[in-house]
Amino acid sequence: MGTDRDEVEIGPCPCGKGKIRVDHCSPDHPWGGGAWLEAQLDCAICAKDYAITHNDNNEPKLVKKADIKAKKALEKKWHDKIAEIEASSEFQTLKSILDTTVAAQKTKADKHRLLTRAKVVSGSYQTFLKNPGYRLSGLNALDAATALGIKSHNLKKMSDELDAAWDAMKVEIPAVRTGLKKLEK
Ligand SMILES: [Zn+2]
């Protein structure tokens, strides 16, 4: 099984010496469906600074490689912030208080209720009965602290920074205007 490929649009690359082509692709099986667009940058000069990526809807777009690099750096910042939270003494204290509090609950239902309130588990009670494990992470540390009545200025500060890092990271890489209709969604 292969792919059917039809050129739907072609236009100049940013420097004008090469081309960008957009293909309509679909699996070549008889029951059809599942079509997508693919783009190709045919220019050795532009390939140094530009690349084709896809947006959240899997539509191709031309972007600057520098912007991809910047986005990767933002993603790393977010991951680093989670690691920073988890390495902090506040987090270690919270973790041991949570473990102690969970262990002190009389019933499994009480444990599940506490962990759900702390946003450490998100599944149903049935799921929890099958898999009663849980893991406190930098992502849910502030919610867990709140549920346990623990106030930590540093934990709050780091969690706010984590939220800000997430917002910065979620911004879509801007599409470079090419004049091709299929590339500018
Ligand atoms: Zn070019």
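**A sheet and a helix in a predicted model**

Colleague: What is the strand order of the open sheet of 3 strands, and which strands stand at its edges?

Modeller: The open sheet has 3 strands in the order β1-β2-β3, paired antiparallel. Strands (E, at least two residues) are DSSP runs numbered from the N terminus, and two of them pair if DSSP finds at least two bridges between them. Each edge strand has a single partner, so one side of each is left without a neighbour in the sheet; these strands are β1 (3-12) and β3 (36-42).

Colleague: What kind of model is this, and how are residues numbered?

Modeller: This is a predicted model, in which local features need pLDDT of at least 70, side-chain atom pairs count only at pLDDT 80 or more, and totals for chains, interfaces and linings use all residues. Residues are numbered along each chain as its sequence is written, from 1.

Colleague: Which residue of β2 is the bridge partner of Arg-5?

Modeller: Strand β2 covers residues 19-27 and runs antiparallel to β1, with 9 bridges joining the two. In β2, the partner of Arg-5 is Cys-25.

Colleague: Which residues of α2 are buried, and what arc do they cover?

Modeller: Helix α2 (a DSSP run of H or I, at least four residues) spans residues 89-104. Its buried residues (20 or more other C-beta atoms within 10 Å of their own, C-beta atoms being placed from the backbone; exposed means 12 or fewer, partly exposed in between) are Phe-91, Leu-94 and Leu-98. They lie on the same side of α2, because the arc, taken from the directions from the helix axis to the C-beta atoms, is only 60°.

Technical notes. Expected span 1.5 Å × (residues − 1).
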